[in-house]
Amino acid sequence: MKVRKRDKTDKIELQMTPMIDIVFQLLVFFIMTFNIVEVEGDFNILMPGAPSTETLTDVAPVKLPLRMTADAQGNLATMTLEGSPITGGFDELHQRILGKVGEGSSSEGDYEVEIQCDFELKYRFVIDAITAVRGRLKKIDGEDEVISLVEKIRFAQPVKKGG
Amino acid sequence: MRLQKQKKEDAEGDMTPMIDIVFQLIAFFMVLVNFTKVDADDRVKLPSSALAKPPEQKLKFPVTLQMTADGMVILGGDLMDVESPDLDNRLIRERRAAGEKVGPGGIDEVPVIIRAHELAPTGKVQKLITLCQSKGFQRFRLRAKEETKGG
């Protein structure tokens, strides 16, 4: 067998250029694909299609009708809870719900907020309202915890303006 | 002033620190990049809410419906009107497919994730929900972006 003899050099000269090319390409690839994913969360809503299944629950929850109207642009115009107007925005709505339900989590099942909106109302305000009704964040030992108020939310038929 | 002459045939910089840093950068971006399939769509900008928390356990075979600002529904990459019969058929099909996946008992638990644009008219969102209800879906998840306070 013939063994090929290599030239013996004192120092092996590495070819850096191709490696750097590839490394930079990798770097550029990962920078390009890097995207900050926003954390998303859900509001859980149970809405059975047939109302007949509701008769199974022993106690009907107290209904708190929330009416939201929109102006021509779809922004929130007025808000009424049980017929009385709310002027202080979602903070007042939250306080009102808090006053009704109380912070004790035991009673949360006994209330149900029925949201009725104008057809054109922007969805954002509905989420704001649900946020105000659902509860709030409280700092407990430096960590945010959700204090829940009303878990049950239902939607009433939207009101269409101008026929 | 004395000038030191540094004339070499081949200017050889020391590559090692640069390569160190570049590899670190690559490692950094590799760790941060996540290839998890996000069903986010550029056309949908979610409303934000302080209470929106990511679900604790993974949802079982959810059906994701998205709604753009003008009230069009996106299902599986296709843009449809809320009232189009196309969407109707697609939902029936989704329902059947979900039913096959979860088995007979769990069909009522199949969640519908609604990702509506923050400016979408509420009436359209409700129409979409009503449509899903008529197909037998019961569990809805209104998706919102987590709001970071003071930051």
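Select Arg124(A) and Phe125(A). The charged end of Arg124(A) sits over the ring of Phe125(A), and the distance to the ring centre is 5.1 Å. Keep in mind that this is a predicted model.

Select Arg95(B) with Phe137(B). Here the charged end of Arg95(B) sits over the Phe137(B) ring, 5.0 Å from its centre.

**Aromatic pairs**

Next, look at ring against ring. How many aromatic pairs does the structure hold over all chains? There are two.

Go to chain A and select Phe29(A) and Phe30(A). Their ring centres are 5.1 Å apart. Their planes meet at 70 degrees, which is over the 60-degree cut-off, so the pair is edge-to-face. Is Phe30(A) buried or exposed? Phe30(A) counts as buried, because its relative accessibility of 8% is under the 20% limit. Phe29(A) is partly exposed, with a relative accessible area of 42%.

Move to chain B and select Phe28(B) and Phe29(B). The ring centres lie 5.1 Å apart. The planes stand at 75 degrees, so this pair is edge-to-face. Phe28(B) is partly exposed at 46% relative accessible area. Phe29(B) is buried, at 12%.

**A buried glutamine**

Stay in chain B and select residues 63-67. This is strand E2 of chain B, and Gln66(B) has its place there. Gln66(B) counts as buried, with 7% relative accessibility.

Finish with the cartoon view of chain A. Find the open sheet of five strands. Step across in the order E4-E3-E2-E5-E8. The pairing is mixed. Which strands stand at the edges? Select 84-86 for E4 and 152-155 for E8 in chain A. Each of these has a single partner strand, so one side of each is left without a neighbour in the sheet.

Select residues 76-81, which form strand E3 of chain A. E3(A) and E4(A) pair in the antiparallel sense, over three bridges. Thr80(A) stands opposite Pro85(A), which belongs to E4(A).

How values were computed:
Residues numbered from 1 in each chain as written. Chains lettered and ligands numbered in written order. Predicted model: local features only at pLDDT ≥ 70, side-chain atom pairs only at ≥ 80, totals over all residues. Heavy atoms only, no water. Pairing = 2+ DSSP bridges. Helix = DSSP H or I, 4+ residues; strand = E, 2+ residues; numbered from the N terminus. Phe/Tyr/Trp six-rings, centres within 6.5 Å; stacked < 30°, edge-to-face > 60°. Buried < 20%, exposed > 50% of the residue type's maximum accessible area, 1.4 Å probe, protein only. Lys NZ or Arg CZ within 6 Å of the ring centre and 35° of its normal.
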